[in-house]
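Reader: Please show me the protein, and then take me through some questions about how it is laid out.

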Amino acid sequence: MEKISILGTGYVGLVTGSCFAYLGHKVICLDINKEKIEKLKKGEIPIYEPQLDEIFALDKESENIEFTIDYTYAIKNSDFIFIAVGTPSCPDGSANLSYVSDALKTIASCITENDFKVIVNKSTVPVGTGRWAAKLLADELLKKGIKEPEKHFCIVSNPEFLREGKAVEDFMNPDRIIIGSDDKDIALKTASLYSTLNPPMIITNLPTAEMIKYASNAFLATKISFINEMANLSEKIGADIEIVSKGMGLDKRIGPYFLKAGLGFGGSCFPKDVKALIHTSKAYNVDPSILNAVMKVNEKQKIKPIEILKGAGIDLNGVKIAIWGLAFKPDTDDTREAASLNIINELLKHNAVIFAYDPIVKNLPIQDKNLNIVNDKYEALEKCDVLILVTEWNEFKNIEFKRFKDKIVVDGRNIWEKNILKKYTKACFSIGR
Ligand code: UDX
């Protein structure tokens, strides 16, 4: 079992640290946020993620995990240092690497002549960052007077593919583990951290590993924008996109996943990663025409309910509209890049009055006198003439349809049978059918 430290106890860092500890490694989780570390020490988990609490409790029992703000302690006492800090988008779409560079400088300040550390990057960083990081670290060590700095560390890329809401499940049952390094032995050593999971492995060089992460996320985002474009055509020609998806997905070369038409993709990964890949492509003079189209389709799709309502001749001025679901997808409290935000902003511009409900999200980054967040889905519904289903939480699937009487319903995720909607509503719309 290995000694690992994880820099950054955000979403990825915390899940990775807890799961490694569960696999039997000795893990030190480090963060600069003292308050967060104090809470974690007391056993309080700052994010909502299914199964994380169970794993976390077992880790505390086994004493395989500890939390600290003392980076010297964390780095000295570990052989593998995982960087899991944020890489937010800059206004031009590029990834902001200042937290990564801070982390690298901190690591450099702790490395001595007697050390050898494997530095593993988990944060989603642009293609080319691994080699940039190696240079930055080597320069920092040279500045400290350490000769032959490359003898004291190795950079590895080990991208994560964790879905929010399924992160623990995804960690424990990975489709694949990707390890990129310019030193094959170190790559194999890093791969062995996961050996008890027995996953398919790809060991490759740094830029290839970094590219696999971006290409995977961009491809999944492409599938979503593609199916949404097909949905928009299907509804015009009388086809049903749900059956189109099913028919396409049965072709093994296409596969059934990520072909669900809806209100586009949100969250902290897809929009950010596609934008960053567009930026990198441009920097290397490669025309990102597919990626540009993926983003363009997605932006439009997020506000599709507004287009639907206007198309039906509904004047939104002063209309009371219920929104069901605010998180970017079910089973998470995350509203980053959520379609709900685009829809609410657009409705507010049209002077609509909104009553929004989500099982978990109770706060939004938007504040307006016409935006009310309520604690009960039926309370939202009863106050309104129009309902827009934005996030397909399970609790919306089996509902009392008789309450839809006299309401206009837009099912943004195709969760309800069209015939049932037709029977119980004043008017109903869905996506691509
Ligand atoms: C994603 C990737 O799946 C994961 O591998 C990566 O590491 C991080 O980004 P996540 O953002 O948690 O994970 O969400 P995911 O479940 O992939 O869904 C992303 C968005 O796409 C959601 O807004 C979802 O509603 C939408 N989506 C997904 C569709 O509209 N249709 C689909 O068929 C699938």
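Author: Helices (H or I, at least four residues) and strands (E, at least two) are DSSP runs, numbered from the N terminus. This is a predicted model, where local features need pLDDT of at least 70, side-chain atom pairs count only at pLDDT 80 or more, and totals for chains, interfaces and linings use all residues. Residues are numbered from 1 along each chain as its sequence is written.

Reader: Over residues 322-418, how far apart are the end C-alpha atoms?

Author: UniProt, in an unreviewed entry, annotates residues 322-418 as "domain: UDP-glucose/GDP-mannose dehydrogenase C-terminal". UniProt positions are given in the numbering used here, with feature names shortened, and annotations may be inferred rather than shown by experiment. The chain over residues 322-418 is 19% helix and 20% strand, and its end C-alpha atoms are separated by 19 Å.

Reader: What distance separates the centres of domain 1 and domain 3?

Author: An automatic or database domain assignment supplies the bounds: domain 1 is 3-202, domain 2 is 214-300 and domain 3 is 303-430. Taken over C-alpha atoms, the distance between the centres of domain 1 and domain 3 is 39 Å.

Reader: Is Thr-124 buried or exposed?

Author: Thr-124 sits in the loop between strand S5 (117-121) and helix H6 (129-143). A residue is buried if 20 or more other C-beta atoms, placed from the backbone, lie within 10 Å of its own, exposed if 12 or fewer, and partly exposed in between. Thr-124 has 21 C-beta neighbours inside 10 Å, so it counts as buried.

Reader: What does Lys-272 count as, with 19 other C-beta atoms within 10 Å?

Author: Lys-272 belongs to helix H11 (residues 270-283). Since 19 other C-beta atoms lie within 10 Å, Lys-272 is partly exposed.
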